[in-house]
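Hello,

I am handing over the structure below, together with notes on what was found in it. Please look through it before reading on.

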Amino acid sequence: MPADTRTGRGSATLPTTADTEALGRALAETLDAGDLVVLDGPLGAGKTALTRGIAAGLGVEGRVTSPTFIIAREHRPGTRPDGGDPVALVHVDAYRLGEAGGGGAVDLHDQLDALDLDTDLESAVVVVEWGEGVVEHLADRHLRVRLRREPESDVRTATWEWVSGPGTR
């Protein structure tokens with residue numbers, strides 16, 4: 001089982017996908033509507049597996065898969081296993097943002113605005129894959145989770161911490 005997720009920061013070695021999902025479930029116990037989770041890690045690091053675990057911990061409805069080609073997918077609230085208030089999950093893949101229309105910073109911010117993530121933050125937990133350096137301005141603070149995969153192995157490592165947003169330090 002991963003280190004205590006309630007302290008707001010920690011690290012864990014995740015030998016299997018099931019361990020990555022278990023970390024997500026544990027992190028979900030600390031999340032409520034309005035929380036932003038920013039996932040960082042290369043391809044194959046476990047970002048979607050962690051999101052599946054967060055979704056399971058929140059008890060949301062629907063199968064969780066990578067939203068790469070649709071950019072964002074909303075999962076309706078269900079019954080939380082921890083007995084907490086039901087909350088929706090918005091799962092975003094920011095990898096392709098900025099590709100259309102030349103990909104400049106203005107285009108990226110326009111695309112983020114079109115997704116209305118700031119509105120979703122009022123009623124959902126928003127998890128953004130590939131979001132580091134892109135979405136932090138949407139919230140006063142966010143949970144940053146960095147995932148890494150060991151070379152030539154399925155073992156992953158995760159570090160997480162709550163970070164103050166830009167201008168709130």
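Buried here means under 20% relative accessible area, exposed means over 50%, and partly exposed lies in between (1.4 Å probe, protein chains only).

Some notes on the source. This is a predicted model, in which local features need pLDDT of at least 70 and side-chain atom pairs count only at pLDDT 80 or more, while totals for chains, interfaces and linings use all residues. Residues are numbered from 1 along each chain as its sequence is written, and side-chain values use heavy atoms, with hydrogens and water left out.

Salt bridges

Arg80 forms a salt bridge with Asp32, and the closest N and O atoms are 3.6 Å apart; the term stands for a side-chain nitrogen of Lys or Arg within 4 Å of a carboxyl oxygen of Asp or Glu. The two residues are 48 residues apart and link distant parts of the chain, with Arg80 in the loop between S3 and S4 and Asp32 in the loop between H1 and S2. Helices (H or I, at least four residues) and strands (E, at least two) are DSSP runs, numbered from the N terminus.

The whole structure holds ten salt bridges. Another of them joins Arg144 to Glu161, with the closest N and O atoms 2.4 Å apart. This pair, too, links distant parts of the chain: Arg144 lies in strand S6 and Glu161 in strand S7, 17 residues apart. Arg144 is buried, with a relative accessible area of 15%. Both residues belong to a network of salt bridges that also links Arg9, Asp40, Glu132, Arg146 and Arg148. Asp154 forms a salt bridge with Arg149, the closest N and O atoms being 2.5 Å apart. Here Asp154 is partly exposed at 48% relative accessibility, and Arg149 is partly exposed at 37%.

The sheet

An open sheet is formed by seven strands in the order S1-S7-S6-S2-S5-S4-S3, with mixed pairing. Two strands pair if DSSP finds at least two bridges between them. Strand S1 (9-14) and strand S3 (72-75) are the edge strands, each pairing on one side only. From one strand to the next the twist averages 15 degrees; axes are lines fitted to C-alpha atoms, for helices over the stretch in contact, and angles run from 0 to 180 degrees between N-to-C directions.

Helix H1 (residues 17-28) packs on the sheet, where it touches S1, strand S6 (141-149) and strand S7 (156-164), and its direction makes about 20 degrees with that of S7. Contact means heavy atoms within 4.5 Å.

S1 and S7 are antiparallel and share six bridges; Ala12 stands opposite Ala158 in S7. S6 and S7 are antiparallel as well, over nine bridges, with Val145 partnered by Trp160 in S7. The hairpin of S6 and S7 has six residues between the strands, and in it Glu152 takes a positive phi near 55 degrees. Strand S4 (residues 88-93) and strand S5 (residues 124-129) run parallel, joined by six bridges, and His91 stands opposite Val127 in S5.

Helix H2 and the cores

Ten of the twelve residues of H2 are buried, which leaves the helix mostly covered. Those buried residues pack against H1, S2, S4, S5 and S6. The end C-alpha atoms of H2 are 16 Å apart, which agrees with the 16 Å that its twelve residues should span at 1.5 Å a residue; the expected span is 1.5 Å times one less than the number of residues. Just after H2, Gly59 takes a positive phi of about 75 degrees.

A nonpolar core is a set of buried Ala, Val, Leu, Ile, Met, Phe, Trp, Tyr and Cys residues joined through side-chain atoms within 4.5 Å. The largest has 24 residues, and those touching the most other members are Val37, Leu50, Ile54, Leu58, Leu89, Val125 and Val145. Two or more residues each come from S1, H1, strand S2 (36-40), helix H2 (47-58), S5, S6 and S7. H2 gives the largest share of this core, four residues. Apart from this core lies another, of twelve residues, among them Ala124, Val128, Val134 and Val135.

Regards
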